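Student: I have a structure to study today. Can we go through some of its side chains together?

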Amino acid sequence: MAAFAFPPAHQAYLLQARQMQALSFSVHIPLVCFGIALPAIILYVEWCYLRTGDMLYRTLAQRWTRIMVALFAVGVITGTILSFEMGLLWPNFTATFGSVFGLGFAIEGFSFFIEAIFIGIYVYGWGRLSPRMHFASGIPIVVSGITGSFMVIAVNGWMNHPSGFRLVGGKTVDVHPVAALFGNSYFWHELLHMYLAGYMVTGFLLAGAYAVGRLRGRWGRYERTALAIPLTIAALAAIAQGPVGDWAARDVATTQPIKLAAIEGLGTTTKGADEHLLGWYVDGRVKYGIAIPDLLSLLAFHNPNATVQGLNTVPPDRRPPVNVVRVAFQTMVGIGTLLGLIAVIFLFVRWRHKRLPDSVWFYRALVFAGPLSVVALISGWVTTEVGRQPWIVYHVMLTNQAVTGASGIPVSYGALALVYLAVACGVAWVLRRLARVPIDPGQLSPSQAAG
Amino acid sequence: MRLYDVPLVFALIGLGLYTVLAGADFGGGFWALTAGSGPAGERIRDYVHHSVAAVWEANHVWLIFVLTVVWTAYPVAFGSIASTLSVALIIAGFGIIVRGAAYALRSGTSSTAETRVVDTASGLSSVLAPFALGAAIGGIASRRVPVGNAAGNLVTSWLNPVGTLIGALAVATCAYLAAVYLAADAARREEHDLTRRFRARALGAGLAAGAIALGGVVVLHADAHPLYHGLVAGDGAPALILSVLAGICALGLVWAGRFEAAQYTAAVAVGAIIAGWALAQQPVFLPHLTIAQAAAPHDTLVAITVAVLAGAAIVFPSLALLFRLTLAGRLGHTDDAAATPAPVAAVLSASTPGLLVRVAAACLLISLAFLTAADARWAHVIGVSALLVFIVTGFLAATPAELAQTSASRENHAE
């Protein structure tokens, strides 16, 4: 067993520590989506206003700005908690490898700076800066959203596919942080996959809110615009996610075969492996599922006769919890397929009939698309993070070697869960409040349709 | 100064900026908490909120900066500190959560009672967070954080005489800085009653902070003798003297109503005491761990130094812009003064939607071919590029803004 910065510590509540990390992450990651996508969507709307002088776009951009600032504030604090937990929960991980991956977070910190500074300028600059200056002040928010997620994903890519160091007597030597983070081929698919997910989650949630309005009879030009813009973006991202997801799965197949075996519930190494839909993994194989012959080999290696490595190639204590990973993966793919279907219907109607869909069922589906996209997002992260288990740094450090020796994890976990529940209620309350602020009809001219 | 000291200097500068900037935001929360009821209290609370709302996020990021620099450049020290001081850090974290959430929630409040609830929660957390962070620093300064995974005592490492002292000093300093800034702000806006009230608060908090600091000398002598010695007789002595002089000077400037100068002098006092702590303690980082021993390998130190310098070159001008706009009142209380741009006919000329649709479809097919069928890296680059072109051309072709207008005629049908 390799040595690390600190000797192994006893921790009776490793599972609770992992759950606390997962909770913090699940709360933060949907907010990241809004940080990635909402500034760009708002800037598009503001650009429409600058081009047309139509006050409707200005009103829309301003109202979405309020949502952005509320969600950014919550994202700031949930992100802070995540950075605290790097040391609170996994001190041996940070103490041993901070010199390798830390640079990514340091650069991310500067992206975060730029984001916070220009959100301050953009939000409070409405009506106080010239329209052009105001629009320009939004651009650094979009750019720093990209660089920030780039850095965080680079660290995650490194944890999944570590390189750029050697471990000698518990110390990292020959450390090349730049090569470790950015010379890593593994993270490009992760970055693109997450980036598209950000647009899907933001777009479907925003559009879903106006779909609720449509079902309740609020369907003026304002609501139609507010639905059409995010829905178009989400639909295009949902379609693009297909090839990117397939690429990600094939990269996993070659770099992390055991993760793939867990995703597919493949107990033993098989030539011409079957793909199973649904079902449950028991005793080394998937039961009650629908088997499609040779499809797994075909998808993973483009060859129906390819051999796919099974879970039996590693000892049981080096395997991730198969059903968690498998169910999460199937949930993500299932929801992604449904969202892709919604996207295709929307784009087909738009292209063929040059209008928004008419069917009430489309809008009913759209109401659920937003929350489902969040479920898919979290399922995707569960797939990659739980699928990496029991490793925190793949094939280098086990999660139980990284964990803190401090007591009281269940207490902090419970307290954090309560505080986050309160914050979630507060956010739901404030978003409802913001949505209920009446729109001044004078702000929706010209060519205002009945609303 | 050696290369292995450089990131620590960056982290200490970050800590100083966090104290004088974000600390003042915490202090504002303290004054909102103690503003009392009635219209006068409400005025103070609104004033505090408006002067802090645009800048608190940027100020808060200094904490993230300090954390990331320390865990990159001194990972073993960071792991030891974070695990032993976990209780103090969790308490600070909860304080930060509540206060940040309060900023988000305040925009939704519609009655004084609701605002009051939010401000009270924000105020309590604004006392809790600086106390816990100060106490954690007290734990490090009094050498109660040994190297190792939670190797120190989880409670007494920070809840001890020095930790309590620095925690209390942090709360008083935050309140003092906030009152000075708010008085300066109110004076600029010629809000004379608010200027008077913040001046009184600044004097009170400044005297309190001074008293705690004076009493602290006794506590340090008894509970953290190496630090006491380093500050009074060692390398930290000049910084301590500078801090005392600047502190007295700042109080005098507040008394004289020269708040702008007082702001900077008070910041010097805070910066000097942080520098004094560092000078008194070096070269020791943690017990039995010098800064040189704690430092990351050479390449990491170079990378983090370059990253921080490059980042600073971008961040400082941006911060200057933000503060210039807020201080000039352009992001504060002024009225809506936007010029309406000249209307342009349409968002996008609808000249080539057919072509765009075809380009988008072609790009999607190309990306499928190069991303799914091929495995080579160059093929993936083409596939990803085609996918991005698909999204952009698809969006341009779909012209959602115009779609919403053309769908107008169908709306009766839809209902």
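Predicted model: local features only at pLDDT ≥ 70, side-chain atom pairs only at ≥ 80, totals over all residues.

Student: How far is A:Arg214 from the ring centre of A:Trp219?
Tutor: A:Arg214 lies over the face of A:Trp219. The distance to the ring centre is 5.2 Å.

Student: How many aromatic pairs are there over all chains?
Tutor: Ring centres must lie within 6.5 Å to pair. A search of the whole structure gives the count: 34.

Student: What kind of pair do A:Phe101 and A:Trp158 form?
Tutor: Their centres are 5.9 Å apart, with 40° between the planes. Under 30 degrees is stacked and over 60 is edge-to-face, so the rest are tilted. This pair is tilted.

Student: Which parts does that pair of A:Phe101 and A:Trp158 tie together?
Tutor: The two residues sit in separate helices of chain A, so the pair links parts 57 residues apart in sequence. A:Phe101 is in helix α3 and A:Trp158 in helix α4.

Student: Are A:Phe101 and A:Trp158 buried or exposed?
Tutor: Buried means under 20% relative accessible area. Both A:Phe101 and A:Trp158 are buried.

Student: How many disulfides are there over all chains?
Tutor: A disulfide is a covalent bond between the sulfur atoms of two cysteines. The sulfur atoms must lie within 2.5 Å. Over all chains, the count is zero.

How values were computed. Residues numbered from 1 in each chain as written. Chains lettered and ligands numbered in written order. Heavy atoms only, no water. Phe/Tyr/Trp six-rings, centres within 6.5 Å; stacked < 30°, edge-to-face > 60°. Helix = DSSP H or I, 4+ residues; strand = E, 2+ residues; numbered from the N terminus. Buried < 20%, exposed > 50% of the residue type's maximum accessible area, 1.4 Å probe, protein only. Lys NZ or Arg CZ within 6 Å of the ring centre and 35° of its normal.
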